[in-house]
Amino acid sequence: QGEGICRSYVYEQAGVYQVSVTVTDPASTAQVASQVVTVAAFSGTERYVAANGNDADPGTEALPWRTFDFAMAQLRQALAGSPFVAVPYRVRFRRGDAFTTATGCNFGTGAVGKVIIGAYGLEVAKPLITCTGTVPLFTASIQPVDFAFVDLDLRGTYDVLNGIGHA
């Protein structure tokens, strides 16, 4: 248990990593803790979105989709008819690209599952996803289980993650 800023890091590649954390108290006394972690390769459905992609393509890294709306429609379709996505599903937006939507993405009441919406590529800038409409960028009617939004710049007029637990 702790207070203050919560930090996280996502490892893009499977492997064994040395992880360290330094904690400094108000008296400027620092303590360091380290641990070795093993990161497994992602196993599940993975789709890619890039500003120069094409929604008629298969959504692979080599042939990415183009739009936020199409990618989220595909994700909603994968979630449909099941209380959860048994196989993890990841949608990755290319770093340095910008995406817009007027309608956002409403996952409805069945949106529970192992879903990651994140970034890929070598650019430093996070993908920018902006909702230009008068709705939240992401909405869920019930609390999703194991939904993660990673390394994205999310913007909109309203709370971008309405009804979706986030820190």
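Visitor: Where does Asp151 lie?

Guide: Asp151 is in the loop that connects β10 (147-149) with β11. Strands here are DSSP runs of E with at least two residues, helices are runs of H or I with at least four residues, and both are numbered from the N terminus. The model is predicted, so local features need pLDDT of at least 70 and side-chain atom pairs count only at pLDDT 80 or more, whereas totals for chains, interfaces and linings use all residues. Residue numbers start from 1 along each chain as its sequence is written, and side-chain values use heavy atoms, with hydrogens and water left out.

Visitor: What is the phi of Asp151 near?

Guide: Phi of Asp151 is near 60°, a positive value in a residue other than glycine.

Visitor: And what relative accessibility does Asp151 have?

Guide: Its value is 29%, so Asp151 counts as partly exposed. Buried means under 20% relative accessible area, exposed means over 50%, and partly exposed lies in between, with a 1.4 Å probe and protein chains only.

Visitor: Which loop holds Ser28, and what is its phi?

Guide: Ser28 sits in the loop between β1 (15-24) and β2 (30-39). Its phi is positive, about 70°, although Ser28 is not a glycine. Ser28 counts as exposed because its relative accessibility is 58%.

Visitor: Changing topic: what order do the strands of the open sheet have?

Guide: The open sheet has 3 strands in the order β5-β8-β11, with parallel pairing. The edge strands, each pairing on one side only, are β5 (98-101) and β11 (153-156). Two strands pair if DSSP finds at least two bridges between them.

Visitor: By what angle are neighbouring strands turned against each other?

Guide: On average by 15°, direction ignored. Axes are lines fitted to C-alpha atoms, for helices over the stretch in contact, and angles run from 0 to 180 degrees between N-to-C directions.

Visitor: How many bridges join β5 to β8?

Guide: There are 4 bridges between β5 and β8 (residues 128-131), and these strands run parallel. In one of the bridges, Ala98 has Leu128 of β8 as its partner.

Visitor: What does the secondary structure of the whole chain come to?

Guide: The chain has 1 helix and 12 strands, in the pattern β-β-β-α-β-β-β-β-β-β-β-β-β along the sequence.
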